[in-house]
Structure formats: structure tokens, C-alpha cells
Amino acid sequence: MLSSSPSAQVFAGATDVVPQIRGGRQAPEVLVDLKKIDQLVALTSDDKKWTVGAATPTVDLTENPGFSQEFPGISEAAGLIGSDQIQSRSSLGGNLCNGSPAADSVPAMMVNGTRALIAGPKGNRLVDVSEVVTGPGQTCLDSDEFIVEFEIDRAPSLTGDAYLRMIPRTEMDIAVVGAGARVTLGEDGTITAAALALGAVAPTVVRVTAAEEALIGTTADEDTLAVVAAAASEVCNPIDDKRGTIGYREQVAGVLAKRAVLIAMERAQQRNGNV
Amino acid sequence: MALTEENPGYKWVGTRPIRPDGLDKVTGKAQFGADLTLPGMLFGKVVRSPHAHARILSIDTSAAESMLGVKAVITGSDFPDLAANGAHASDIDVANNAIARDKVLYEGHVVAAVAATTRELAEAAAKAVEVSYEILPHVLTVDEAMADNAPLLHENMITKGVDPAPDQPSNVASRIVHERGDLEQGFGEADVVIEREFTTKPVHQGYIEPHAAVADANNDGRANIWCSSQGHFAMRAYTATVLGVSQGTLKVTAAEIGGGFGGKTVIYLEPLAVRLSQRSGRPVKLVMDRDEVFRATGPTSGTRIKVKMGISNGGELTAAEVWMAFEAGAYAGSPVGAAGMTVIAAYDIPHFLVEGYDVVCNKPRVAAYRAPGAPMAAFAVESVLDELARSIDMDPIEVRLANAAVEGTQASYGPKFPRIGFVETLEAIKEHPNYTAELGPNQGRGVAAGFWFNAGMNSSATVHVNENGTATVVTGSPDIGGSRQSMALMAAEELGIPYESIKPVVADTETVGFNDVTGGSRVTLATGAAVVDACRLVIEDLRARAAKTWDVEIDQVEWVDGQAQHVDGSQPPLSLNALAAKSGRTGGPISANASLNARGVGAGFSTQLCDVEVDPETGVTRVVRYLTAQDAGRAISPDYVEGQMQGGVVQGIGWGLNEEYIHDENGAMENPSFLDYRMPVASDLPMIECSIVEVPNPAHPYGVRGVGEVGIVPPMAALANAIKDATGVRLTDLPMTPIKVLEALNEQSD
Amino acid sequence: MAQVYFSAGLRDLTGGVAQVDVQASNVRRLIAALDEMFPGIGERLSEASSVAIDGEILTDAEYESVPDQAEVHFLDILQGG
Amino acid sequence: MARTHITTVINGDEVDFLTEDSTSLLNALRDEVGLTGAKEGCGTGDCGSCSILLDERVTCSCLVFAPEANGANILTVEGLTDAGELHPLQQCFLEGAALQCGICTPGFLIAAKALLDKNPDPTETEIRYALAGNLCRCTGYDKIVRAVQEAALQMREQ
């Protein structure tokens with residue numbers, strides 16, 4: 001159906017599509033409700049991974065105790081996408097495919113190595129979430145493709161993640177800066193693996209590899225965190241817009257990066273053994 | 001009824017019963033502006049300018065008109081040219097703002113409107129109207145508009161209030177000035193002089209209900225209008241002016257109104273809906289979407305204000321010099337006049353000069369917003385006062401007490417104050433435990449005060465006694481925040497019957513005498529006084545009927561607790577019920593009207609205390625505690641007095657921290673949505689603690705002062721003073737966003 | 001005699017005079033008397049101002065009586081929200 | 001464009017209506033079904049005035065395509081009252097003066113019901129965050145939060 005109608009628009013929660021159509025920014029001939037496909041609205045896990053249907057309402061993630069304990073960062077990011085009203089409808093698939101650099105769930109998914117299963121007439125392909133968005137509003141999906149589900153490998157023990165964002169209010173805003181972090185600790189309490197991703201500071205969500213490398217082998221002590229913050233600020237390539245300035249985004253990216261790593265550390269220390 | 005301050009002995013006034021209109025509002029039955037549907041009704045849509053300043057070269061409506069289902073398309077040429085008819089300048093501005101003629105003056109200015117059988121068709125037809133523009137250079141701020149050689153919005157605008165009158169036109173509509181004493185002497189007597197410059201952005205009233213109007217025109221030239229507004233009599237007058245018809249041809253019914261705060265005292269849609277209805281022969285509904293509300297209605301002015309004040313080491317203010325410029329938007333009429341009158345009115349300052357400018361620019365025409373003009377002025381002066389108090393190491397309440405206006409103080413705007421309650425609000429804050437509560441890390445505390453005149457104006461009320469002894473109280477003041485409850489409480493008190501026996505009604509323009517707008521915090525005072533007068537006429541009539549029944553003189557009859565009593569107790573009392581049941585025998589139905597131009601307006605004062613916590617690494621400010629003390633004169637309905645106080649404070653918090661109009665370089669608004677125009681949400685706030693101060697207004701039967709507006713005056717300065725206390729940085733540019741706070745903190749640490 | 005005060009904004013019409021004593025029984029007559037003293041001020045006062053008599057601010061007050069010794073100020077008309 | 005026939009259960013009653021595919025559920029409820037309790041404050045999901053329960057989940061009806069409601073169970077503010085008896089939230093909003101102009105009230109009542117259905121004993125902070133998707137410009141939220149606290153207490157005691 002998607003291939004036959006060039007102006008077809010798929011939607012899950014439609015929280016962005018409805019206003020776009022109404023505001024005249026889109027005029028699709030066909031609307032396809034992905035929620036009607038069972039596989040797209042599901043949340044399951046096995047020994048190896050969690051599978052999240054791309055159109056699953058984010059409230060299903062935040063209200064799932066198992067998922068939320070294992071990936072509190074993804075859960076809290078999902079819980080920041082708009083109000084309770086929005087979370088009844090919003091989905092990881094929609095949040096990602098909008099292509100917004102400020103999408104809250106994307107840094108959280110990225111630091112957890114999330115993969116997207118993309119379906120299309122030429123068959124299915126599995127793509128790392130970090131490769132889906134190619135620019136503001138742009139994705140690697142062809143117009144006849146859509147995301148079916150996300151796969152997230154089970155978190156090893158002594159692993160924790162976190163997502164923080166800066167908004168002027170406490171709710172109902174688009175992130176001015178977002179930071180997702182994940183660390184895994186060795187038995188000695190030092191970091192053996194680290195991931196850090198920032199939202200709203202560049203055309204797409206960016207990984208802070210310099211910070212990740214700096215964290216390895218440390219306990220995220222103050223000196224290391226200063227390096228993390230500096231690396232985070234350094235990787236930013238933001239714009240001045242109505243929501244924030246370049247200088248502010250760079251500075252606060254460092255602050256949130258540091259804070260997110262600390263929370264992830266704390267969670268990692270508490271999570272001994274697979275949930 | 002004798003009124004004593006301490007124990008008025010009221011049975012209903014001052015109680016907290018359920019509001020008369022509440023049930024309809026919690027069950028979804030209440031009919032707001034957009035809720036009405038008439039048989040055969042069409043949907044309208046307005047075509048708006050995408051340019052901030054442009055000449056309209058041509059409008060081609062043919063494509064829209066030829067669409068199936070499109071029933072009418074109108075443009076400015078469908079309305080009379082008031083300028084050619086020699087109308088008053090302010091009426092011409094109202095008409096040109098309702099629909100542009102030759103020039104558009106802001107993005108969102110109306111250029112045409114359509115009516116069609118469905119919402120979707122109307123939107124498509126609006127898009128099909130082709131307007132050709134010659135884009136003109138624009139000015140967006142007072143600085144740009146006042147610059148030499150600035151592009152002019154109105155080629156014939158000569159500044160008023162300047163002597164001699166300028167010989168060249170400009171974007172400055174008028175200048176106001178207030179002056180007393182000798183500035184040089186005053187600053188000479190000061191030990192500390194502080195001078196600061198402040199800027200504020202336009203902010204919107206932010207009512208949740210977009211403007212809506214339904215019009216149904218008959219082919220005899222008459223038309224019915226249903227709309228949500230703060231004054232359906234005013235809507236009738238403005239609409240008649242724009243249409244060039246007699247007011248008598250229009251009947252306006254007030255829908256329930258979903259918030260206004262001043263922004264619904266003006267017309268936008270009503271004349272368009274009537275004209276579309278006339279052209280199509282069908283009822284037409286016009287409803288704005290939120291984007292239109294932001295781009296084309298409200299807001300209040302952006303400003304630049306300079307304040308210089310002097311104080312003695314003993315804490316006495318010696319002099320003040322204020323310069324301010326207010327954006328009026330596209331047409332003259334910013335609230336700079338009120339700002340000039342209120343800016344230092346709360347204090348007794350011997351030497352001052354206040355100068356203000358009303359400046360047009362290419363933004364939507366400003367509309368009234370809660371104590372129009374006073375909040376920005378207070379932000380500046382109360383911030384400087386805080387700095388002065390710090391500089392002489394004086395407590396912020398004490399410095400205000402030392403200079404506070406009291407009864408007999410010659411107000412800066414002229415007359416002497418009658419009995420006012422400013423000092424009492426300051427003392428209420430000082431005595432409250434919040435004033436000395438411990439502050440945590442990164443927390444700070446700020447105090448600020450505010451003054452607002454309040455208004456009186458014209459009101460009418462009718463009281464009908466029903467056959468069963470209940471009463472209907474009819475007024476023409478749209479109820480925006482619970483005024484039907486105040487009317488019912490005062491009527492119950494007067495008539496001596498239960499509150500539940502009173503049915504308050506807001507009637508249409510043909511059913512009750514004239515009422516000015518619900519604005520200026522006037523309804524409980526002025527319309528309330530009309531209700532009280534009408535009740536007293538009814539009581540007079542009831543006493544006469546009891547006297548007739550008992551065959552005695554009227555002076556032998558008293559009205560006590562809802563019944564007629566013979567002064568010597570020689571007759572069994574006659575209840576309202578009994579008198580109503582037999583009214584036919586004593587002269588017919590019982591009812592009375594009262595109309596008045598209200599007297600005895602009592603000034604309003606508010607003092608507020610704000611505790612904030614500032615994240616030093618992100619600049620985010622959170623309000624952790626808030627207390628507001630306000631003189632209500634007498635709280636007829638304490639629930640809704642608190643509601644006004646809390647609502648005003650929270651609008652002020654939004655104004656102070658996050659709300660602002662953001663425009664791009666082309667003069668288009670960048671944030672016309674509730675997502676990016678950031679009004680406070682529930683999780684941003686603590687409880688707003690209220691201390692109702694009651695210093696009765698001696699000139700009102702129940703001591704009422706207006707309470708609706710003054711609450712929004714202090715919050716921005718209270719926040720700025722608290723941020724200063726928490727961080728050491730002084731912010732002078734609203735809103736005090738995390739970005740600005742962090743920049744200031746960075747500068748401080750450099 | 002009522003004491004009439006002119007705000008700074010009106011003083012361009014009074015030649016800088018800030019206060020005068022005027023005998024008039026009501027506001028309309030007061031304005032007429034002032035217009036004789038300061039030609040042109042009458043129109044300005046009746047068109048765009050409120051009046052405060054002994055501290056009470058009134059609008060549309062032309063028939064309001066002016067007590068002997070009253071303190072009278074003319075003010076700009078205000079708009080409320 | 002041909003209109004689609006939608007069958008739903010609204011406030012306990014089976015209701016059919018016709019709609020265009022791109023019409024929002026809010027407009028369908030208001031224009032086709034005649035239920036005007038849900039209000040449009042923004043049309044973009046930012047104010048919550050149009051809140052309904054859609055299959056028991058709180059949702060902005062302005063962000064739902066009307067055809068999505070086919071087969072769904074909908075609760076609007078008009079359905080909160082049970083055989084003329086007010087829901088405790090409605091009663092507490094009235095008694096606590098938790099409304100001024102009243103335009104946001106239907107949305108708040110629905111959002112508060114969704115909260116209390118899930119969490120019968122919320123903290124003040126939980127209430128404030130659960131209601132953060134509902135804008136009120138009149139009250140400053142104070143009396144609304146208190147009314148929800150009171151209703152929660154009454155419902156727990158029942």
C-alpha cells in the first residue's frame with residue numbers, strides 16, 4: 001500500500017501527524033494506522049533481548065516494571081515525551097522517525113545499543129538506531145518502509161542507564177539539551193563499558209566517544225567527569241533558535257552529561273545480576 | 001445595615017458555597033463560544049497576512065468563490081470606510097484592526113474571510129484567496145520604531161502630548177508625563193542613587209478558550225450574535241461601528257467565557273461573522289485556532305523602562321526618575337498611561353519625573369491584560385527598590401513600610417489616597433511564618449508590592465421575585481471568574497433569603513440594562529452595587545406591601561431575615577414567600593431595576609513573597625514557596641478572591657520566567673503555540689498561599705475593592721529579587737529564562 | 001473655591017500653571033471656567049479624562065457636584081483588564 | 001470525499017457517526033455526536049482541554065483521527081456523572097472552587113480520573129505531574145490540586 005501511494009503517511013500515535021495535516025504542512029492521500037498491526041504494538045522479552053513494537057504507546061514502557069527496572073533511562077525518556085495524554089499515544093517509532101534531534105527517547109535508545117527492524121517491499125533489515133536519523137526530519141527509511149520493532153539486548157549485570165533533559169518548565173517542553181548515558185562496571189567498581197549520547201545539540205543525536213573512552217577504567221571521579229563534561233560540550237554543533245542558544249546548549253550539555261553518567265553509575269552499582 | 005469592620009454579622013457574604021454555574025461546568029453542559037450550533041450553520045475561516053508590514057495590491061477571491069460549498073467571501077471593501085465618513089480616530093483603528101484596508105500592519109492581520117458548508121472547505125477556500133502584497137520595511141520594537149528614519153506605520157501620526165507639537169510624523173503616538181518637586185534636590189538628598197534599565201517582551205493573556213463568534217443575520221438588517229467576550233454590550237457597540245449600522249440592529253448574547261484577562265474586551269471575529277452571515281443568508285460560526293490567537297490577538301506591550309531612584313541611609317526615598325516606552329502594536333493605545341500613573345504610586349516620594357511613550361510597531365495591537373501597564377512598571381521600580389534596600393542594609397518590608405502610601409498621601413498621579421490597605425498587606429507578609437522560614441542551598445527570597453486603581457463604570461441589574469419567594473438576579477456582566485456567586489451572595493444577604501434561592505443570570509443586550517465590560521476588577525464592586533440597589537428597591541416594595549396587608553404605615557414595617565416584621569411585633573411576620581405568593585393582590589409582580597455609574601472605587605494593593613531555587617549549573621529557576629497578601633476590602637466570595645489572587649500570581653510567574661513573543665527577522669511570530677509559548681503547568685508550581693487582607697472600602701455597601709487585577713503586578717519583581725537573593729545576580733530583562741540566568745552567572749564568575 | 005491641580009501633561013495648555021482656584025458648582029461648569037482661563041483645555045478635559053474630587057476617581061462625571069474647598073485632579077482615562 | 005461510518009461506545013452508549021478520515025476525534029465528538037464537553041484549546045495536544053478516555057487511557061482527542069475510534073470505548077466529561085450522581089472529582093471541584101472560567105475543567109476532570117484510576121493515593125507532586133498536560137490560566141492550579149487530593153481521599157474511604 002505504501003509503495004502504491006506516493007503520498008501515503010504512516011502513523012502510530014499521530015501526535016505530530018494530526019497537527020501537521022491540520023496546519024497544512026502535510027496533505028497525504030492515504031493514512032496508514034500502524035497500531036492495527038499486532039506486531040507493532042507489543043512489548044516482550046526473552047533471555048537475549050527486549051522487543052518493543054514501534055507503535056507501542058510509551059505508557060506501556062513506563063508502566064512495565066521489568067522494562068523500567070532494566071532500562072530506567074529509556075523508561076524515563078519515554079515518560080518525558082509530552083503529557084500523560086500524549087504518552088497514551090506516542091511511540092518510540094514515531095519519536096525516532098520524526099527525525100527531531102531533540103527526540104527524548106533517541107539518546108536513551110542509542111546508549112543501549114538499540115536496533116530498529118525496518119520492513120519494506122524489499123524485505124526486512126536491521127539498522128542500528130544511531131543510523132536511522134540522517135538529519136533534521138530525515139531518516140534512512142524509503143517512503144515505502146516503516147519500522148516494525150526495536151530490539152534491545154538484555155542489560156548485563158552492574159549496568160545502569162539514565163536520561164536527563166533540560167527544559168525551561170518541568171513538563172510539556174521540547175528538550176533544549178538531552179543526555180543519555182549508560183555504564184557497565186567491573187567487579188572492582190570501575191567502568192568497563194560506557195556510552196553517552198546527546199540530543200538537541202547537533203543536527204542529529206550525537207555520541208560522545210571521547211567521553212566514553214575517558215570513562216573506561218575509572219570510577220567517574222570528579223576529574224574524569226570534568227573531562228566528560230568538556231568532551232560533551234566539545235562535540236556539540238548546535239544552533240541558536242527560539243528554544244536555546246549555542247552557548248547555553250554547549251555549556252548545559254556538559255552539565256547534563258556529567259549528571260547522567262553519575263545517575264547511571266549509581267544504578268549500575270545497585271543492579272547486580274540480571275533482572 | 002450598619003457595617004463594622006470586625007464583626008459585620010453577615011450570613012452569606014464571606015461564605016464559601018458552591019457557585020451557581022458550577023454544575024454545568026463540571027458536567028460539560030456549559031455553553032462556551034464555540035459550542036453553539038445552529039441549523040444550516042456555515043463554518044468561517046479568516047485569511048491573514050503572512051507579512052508584518054505590507055501594502056495590499058489586490059485580493060482575488062474568484063477561485064475561492066467558485067468552490068462548491070463556499071457561500072461567502074469578504075474583504076475590507078465589504079465594510080464601510082470609516083475614515084472617509086469622518087469617524088473618530090479610535091473607531092477607525094478598531095475597524096482597520098478588524099479587517100485591513102490598504103495596508104497590513106502585522107503578521108496575522110485579517111485581509112479576508114470565507115464561509116463554507118464544512119470546516120475543511122472553509123479552510124481550503126481561505127487558502128484559495130489570492131492576496132498580492134508589496135512588502136514594506138517593518139519595525140518590531142520600541143527601539144526600532146523610535147529610531148531616526150524608522151519606517152512609519154501611519155503616515156499621519158503626530159505625537160500627542162509634546163509642546164510644541166512635532167512637525168513630522170513618527171511612530172510615537174503620544175507622550176505622558178508626571179512631575180513633582182525638584183529632581184536635582186531630591187537626588188541631592190539621597191545617600192544612595194541607583195539607576196537601571198529594564199526590558200520586557202510582549203506576553204499574551206493566554207486564555208484557554210480561543211475567540212469564537214456565531215452570527216445569524218436576518219434579511220431585515222437585524223442580526224443575532226453569540227460570542228464569548230468580557231462585555232457583550234461593548235461587542236455590540238464595536239461591531240455596529242465596524243459594520244456602520246445602528247446598535248439597535250444587533251442583539252448580542254454572552255456565551256460562557258473561557259478566560260479573558262482583558263484580552264476579550266475587544267472585537268475580532270464578530271463583524272466578520274455578521275457580514276459573512278449577511279452575504280450567505282446562513283448562520284456562520286467563526287472560531288480561531290491557537291495559532292491565530294497568538295498571532296492576532298492580545299498581547300500586552302513589550303517595554304523598555306529606565307528607573308533612577310534615591311534613598312537616604314535612614315530608608316527614606318528622596319527622588320525617582322522614570323522613562324518608559326511601551327509597544328502599542330499596530331495602533332496607538334498601549335497602557336503606558338496607566339503605567340505612568342501606577343509606577344511609583346505605592347510610595348510617597350517627594351521629587352519625581354515620570355515620562356512615557358506610546359509607540360506603534362508591526363505587531364498585533366495590544367489589548368488589556370490584567371492591570372494593564374502596571375506589571376512592567378512595577379518590575380522595574382520594585383527591582384530598584386530591592387537594590388536600594390540592600391545597599392543601605394534595610395529589610396525589604398521595612399523599606400516599603402517606611403515609604404508606603406497611606407490614607408492622605410498625595411498619589412504620584414494627583415489626588416490624595418482615601419483609606420487604603422497597602423501597609424496592612426506588608427504587615428501580613430512580615431508576620432507570616434514564610435517570611436522567616438529557613439532557605440535551603442541555592443534558594444533565595446524576594447519581596448515585591450503592587451498597586452492598581454480598579455474601575456467603577458456603568459452597570460445595571462434587575463431583581464425579580466418569583467412566585468415561590470425565590471429571586472432571579474439579572475445582570476449584563478459576563479461572569480469570568482465567579483461573579484455570579486458574588487451577586488447571589490450579596491442578594492441573599494440583602495433579601496435575607498438563602499443563597500440557594502437566588503438564581504443569578506447574565507442576560508443578553510436586549511434583556512437587561514447596559515453594562516460596561518467585565519474588566520478593571522469592577523464587577524463585584526459596580527455590578528454588585530447595582531444588585532444591592534435593586535434588592536433594596538425590592539425590599540422597599542415588600543415593606544409597602546406588608547404595610548398594605550396590615551393596614552399600617554410603611555415606617556411600621558421592617559425587613560429582617562427575609563421577612564416583613566411589624567416594629568412592635570403586633571403582626572405575625574410576613575415572609576418573602578408569603579408576600580410573593582400574594583403579590584397579585586398587593587400590586588402585581590415584584591421586581592426592581594437599578595442602574596448606576598459606580599462610585600467609591602477602592603484602590604487595590606498586593607504584597608508578595610517568593611522563594612526560588614536556582615540551579616547554578618543550568619540556570620533553571622523553580623518557585624519553591626509563594627505567598628500573596630492582598631487587600632480585598634471585603635471578600636464577598638473568599639474562594640474566588642483567592643482564585644483571583646492565585647491566578648494573577650501564576651500569570652506573573654509565567655511572565656517573569658518563560659513567557660515571551662519571539663519574532664523572526666521578517667516579523668513573523670516563531671512560537672505561536674502552547675508548546676513554545678511556555679505558560680506555567682501544574683508541576684512548575686507550589687501551592688500559592690493567600691492572605692486576604694480586609695480593609696473595607698468605606699464607599700461600598702459591603703466594603704468591596706476590586707480584586708481581579710493587582711495580583712499580577714508584583715510577581716516579576718518578586719522573582720527577580722529572589723533570584724538576586726539566591727545567586728547574587730540581578731536580572732533586568734524579562735523573561736528570566738535559564739539561558740539569561742546562566743549567562744548572568746557566567747559573567748559573575750568571570 | 002475648588003483647588004484644581006493640573007498634571008504635568010496638561011501644563012502645556014496652562015502655560016506651566018500647576019494649580020488654580022476656581023468657583024464652580026459642578027464639573028461641567030468647572031471645565032467651562034477653566035476653558036476661559038486656558039483656551040483649549042476644555043476639549044482636552046472633557047474628551048479624555050477622569051476626574052478625582054477629594055480623592056475619589058470618577059468617569060463621565062460632568063454633572064458631579066464640586067464641593068467648596070474640594071481638591072480636583074484631572075486624570076487620563078484608564079483601561080482595565 | 002466519502003465519509004467513513006464509525007461505531008463506538010461513548011459514555012456507555014453505542015454511538016455511530018460519519019466522518020472524513022482526517023477529521024479529529026474531537027471535532028467528530030463535537031460536530032457529529034453533539035458532545036461539546038471536550039474543548040479545543042490548542043489543537044496540538046499542548047493544553048489538555050480535549051482530554052477523553054480512549055479505551056481507558058487519557059488522550060487528547062484533538063490528536064486522534066476520528067476513524068481510529070472505530071470499535072473503541074470513549075469516556076467524555078458528559079459520562080462522568082453516574083445516573084445523575086456526580087463523580088467525587090466533580091463534587092470536589094465544585095466544593096473546592098477548583099474552577100473559574102471552566103473551559104479547562106472537563107479536561108482536568110478526565111485527566112484526574114485517569115490518574116486516580118491508576119493511583120488512588122497520589123502525592124501532591126504526582127498529581128501535579130499527572131495534570132501537567134492540562135493548562136489552566138485562571139486558578140494557578142492550587143485549588144485544582146487540592147480538589148484532586150480531596151477526591152482521592154473520599155474515594156479511598158468509600
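In this predicted model, helix 2 of chain D meets helix 5 of chain D through D:Pro88, D:Leu89, D:Cys92 and D:Phe93 on the helix 2 side. Their partners in helix 5 of chain D are D:Ala147, D:Val148, D:Glu150, D:Ala151, D:Gln154 and D:Met155. Sorted by class, this contact of helix 2 with helix 5 of chain D holds eight nonpolar residues, one polar residue and one charged residue.

## Helix packing in chain D

Let us look at the geometry behind that contact. Helix 2 of chain D covers residues 88-95, and helix 5 of chain D covers residues 142-157. The two pack at an angle of about 135°, and their axes are 8 Å apart. Because of that angle, helix 2 of chain D is oblique to helix 5 of chain D. The crossing of these two helices is right-handed.

Helix 2 of chain D also packs with helix 3 of chain D, which spans residues 105-118. Here the axes come within 10 Å and cross at roughly 130°. With that angle, helix 2 of chain D is oblique to helix 3 of chain D. This crossing, too, is right-handed. By class, the residues are four nonpolar, two polar and one charged.

| Helix pair | Angle between axes | Distance between axes |
|---|---|---|
| Helix 2 and helix 5 of chain D | about 135° | 8 Å apart |
| Helix 2 and helix 3 of chain D | roughly 130° | within 10 Å |

## The two domains of chain D

Stepping back, chain D is divided into domain 1 (4-79) and domain 2 (88-157). Taken over C-alpha atoms, the centres of these two domains of chain D are separated by 21 Å. Domain 1 of chain D brings 13 residues to the contact between them, and domain 2 of chain D brings eleven residues. On the domain 1 side, strand 3 of chain D (residues 51-54) gives the most, with three residues. That side of domain 1 of chain D consists of seven nonpolar, five polar and one charged residues.

For chain B, the domain assignment gives domain 1 (22-30 + 456-597), domain 2 (33-137 + 205-296) and domain 3 (421-453 + 602-749). The centres of domain 2 and domain 3 of chain B, taken over C-alpha atoms, are 36 Å apart. Eight residues of domain 2 of chain B contact nine residues of domain 3 of chain B. The domain 2 side of this contact in chain B has two nonpolar, two polar and four charged residues.

Chain B also has an open sheet of three strands, in the order 20-21-22, with antiparallel pairing. Its edge strands are strand 20 (557-560) and strand 22 (574-575) of chain B, each pairing on one side only. Strand 21 of chain B (residues 563-566) is joined to strand 22 of chain B by two bridges, and these strands run antiparallel. B:Gln563 stands opposite B:Ser575, which belongs to strand 22 of chain B. Helix 15 of chain B (residues 523-550) lies across strands 20, 21 and 22 of chain B, running at about 130° to strand 20 of chain B.

## How the chains meet

Four pairs of chains are in contact, and chains B and D share the most contacts among them. In that pair, 43 residues of chain B contact 43 residues of chain D. Helix 1 (22-26), helix 4 (119-128) and helix 17 (638-657) of chain B each supply at least two residues of the chain B side. Helix 17 of chain B provides the largest share, eight residues. The chain B side facing chain D divides into 20 nonpolar, 14 polar and nine charged residues.

Between chains A and B, 15 residues of chain A contact 16 residues of chain B. Helix 10 of chain A (residues 246-270) contributes the largest share of the chain A side, four residues. By class, the chain A side has seven nonpolar, four polar and four charged residues.

Other chains stay apart. Chains A and C do not touch, and their nearest C-alpha atoms are 27 Å apart. No contact joins chains C and D either, with their closest C-alpha atoms 13 Å apart.

How values were computed
Residues numbered from 1 in each chain as written. Chains lettered and ligands numbered in written order. Predicted model: local features only at pLDDT ≥ 70, side-chain atom pairs only at ≥ 80, totals over all residues. Axes fitted to C-alpha atoms, helices over the stretch in contact; angles between N-to-C directions. Parallel < 35°, antiparallel > 145°, perpendicular 65-115°, else oblique. Left-handed = near helix turned anticlockwise from the far one by under 90°. Contact = placed C-beta atoms within 7 Å. Nonpolar A, V, L, I, M, F, W, Y, C, P; charged D, E, K, R; others polar. Pairing = 2+ DSSP bridges. Domains from an automatic or database assignment.
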